[in-house]
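Have the structure open while you read.

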Amino acid sequence: MRYRKIAGAAALLTAATLSVTAPVAAQAAPAATPCGASAMVKETLPNGTTWQLCWRINDKAGLVLDHVFVATKRYPEQVQVLDSIRLAQLNVPYDTGDTEYNDLTAIGLGSYGLETITGDDCKGGSVRQGSDGGGDPQVRDVLCVSAEPRGLAYRLHEYEWDDTTEEQTEKVYSQEGHDLVLRTISKLGWYEYVTEYRLHDDGQISARLGATGDLAPSEYSTADNGWPLGKEAKDYSTMHYHNAFWRVDFNIAGKGGEKVEQFDTTTSGRGSMAAALTTTHKTLGTEGTFTKANQRFWRLVSPTSKNADGHQRSYELALGASDKYEGHPETKPDVTFSQKNLCEKWASDNAADPECPLDIKTVVDFVKDKEKLADPVMWVRVGFHHVPRDEDQSPMPMHWQGFDLVPRDFTEMNPLTPAGREGANGNTSDDGSQG
């Protein structure tokens, strides 16, 4: 049996209490959020970017972020990005075909599965108390909030001609970036899962699921579908998948009604030096499931909210590495866009409420009617085929899977643009030619 009882689990339960940091002096009045200070995170990063959001723990999904707003030093007015983001399923089938779990709907990342933050779980950050979303909630330390360096945010070695001195001058613009990181930990059997959202100071959002803990000692098989661990080649730890789904609901600038656009780039001919490429896009007007292809991406674009250049604000879905599991229809698409429906809660194993249809079990079922996308919800699947290795013993090193939400035209320039580069918007060459 993969699942084991956790000692003292009955004592591990919650109501959200959070500290709030003071806004920077230049910050505009914050947009209203439907949660009070006890359920709010508001933090200003070293580069002046402020993220504000509500958080809660769902008994199945674990950490949920609601009403996510961003403001930067350059653009101090708070603008909403997301209505909500959360995990929507974690499907774990083993390669033998004899074992499979839907961890969220069968057990849940909240309630008894949610771990209390301790030790180095939140080193350098602040621990927040909150509810684990269980049936008998108690307050305990469940959320880690920290500001973490993310490496070089930008670098520009600029050369300019000084008409006064008739000499060329140069300057290097270089700055380190930071993320606001929100993290919870859940123990489901032998695995321990880290739900993490990284809110970058340039407006990007990274959703990640980390897996650590231990390999299940009961899940060993043969060389056909396992990897030898231990002395010689006698014990074969079974290979398996981690099919993670996220549910993302945008609400750009609080306007809603985003349009889904798909972009594809193809070779269209030959130029004088290289292949000529043509990029086309189309609006996805109805629900559907979609799969990555070479030079393809999707964005959620606001039809009403624009940046200072008059361009429509949007966020692009950036998918990284992902293993496709062919065992279920719902684990094949990389992304599904559905019309918002309160009955559609989980990417699979979607148990019907009495007032909900009985036939909407998975994301594939959600879109079979091809409804018009007037208020789209995005379901992102990222797969990881775990082929065990000797180094997974013990504890298992963290392995991550996830995706990025990248701002596209959300602001007319990089929100971290330094003094001295404010005028570099559009074609700034003297002769009007493209640089």
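1. Start with Arg381, which is buried, at a relative accessible area of 1%. (Buried here means under 20% relative accessible area, exposed means over 50%, and partly exposed is in between, using a 1.4 Å probe and protein chains only.) Keep in mind that this is a predicted model, where local features need pLDDT of at least 70, side-chain atom pairs count only at pLDDT 80 or more, and totals for chains, interfaces and linings use all residues. Residues are numbered from 1 along each chain as its sequence is written, and side-chain values use heavy atoms, with hydrogens and water left out.

2. Who is the salt-bridge partner of Arg381? Asp334, with the closest N and O atoms 2.7 Å apart. (A salt bridge is a side-chain nitrogen of Lys or Arg within 4 Å of a carboxyl oxygen of Asp or Glu.) The pair ties together distant parts of the chain, 47 residues apart: Arg381 sits in strand E21 (residues 376-386), and Asp334 in the loop between strand E19 (312-319) and E20. Strands (E, at least two residues) and helices (H or I, at least four) are DSSP runs, numbered from the N terminus. Asp334 is buried as well, at 4% relative accessibility.

3. Both residues turn up again around a cavity. The lining of the largest cavity includes Asp334 and Arg381, along with Phe245, Glu330 and Trp379. (On a 1 Å grid over the protein atoms alone, a cavity is a set of points where a 1.4 Å probe fits but cannot get out, and lining residues have an atom within 4 Å of a point.) E20 and E21 each give at least two residues to that lining.

4. How much space lies in the largest cavity? About 30 Å³, counting the space filled by probe spheres set on the points, with grid points joined across faces, edges and corners. The count is 1 cavity of 30 Å³ or more.

5. Now compare Asp264 and Arg296, whose closest N and O atoms are 2.7 Å apart in their salt bridge. Asp264 belongs to strand E15 (residues 259-270) and Arg296 to strand E18 (residues 296-306), 32 residues apart. Asp264 counts as buried at 18% relative accessibility, whereas Arg296 is partly exposed at 29%.

6. Lys340 and Asp83 also form a salt bridge, at 3.7 Å between the closest N and O atoms. Lys340 is partly exposed, at 32%.

7. Finally, the structure holds 22 salt bridges. Shared partners join some into one network, with Glu148, Arg150 and Asp179 among the members.

Key. On a 1 Å grid over the protein atoms alone, a cavity is a set of points where a 1.4 Å probe fits but cannot get out, and a pocket is an open set with protein on both sides within 12 Å along at least five of seven lines; lining residues have an atom within 4 Å of a point.
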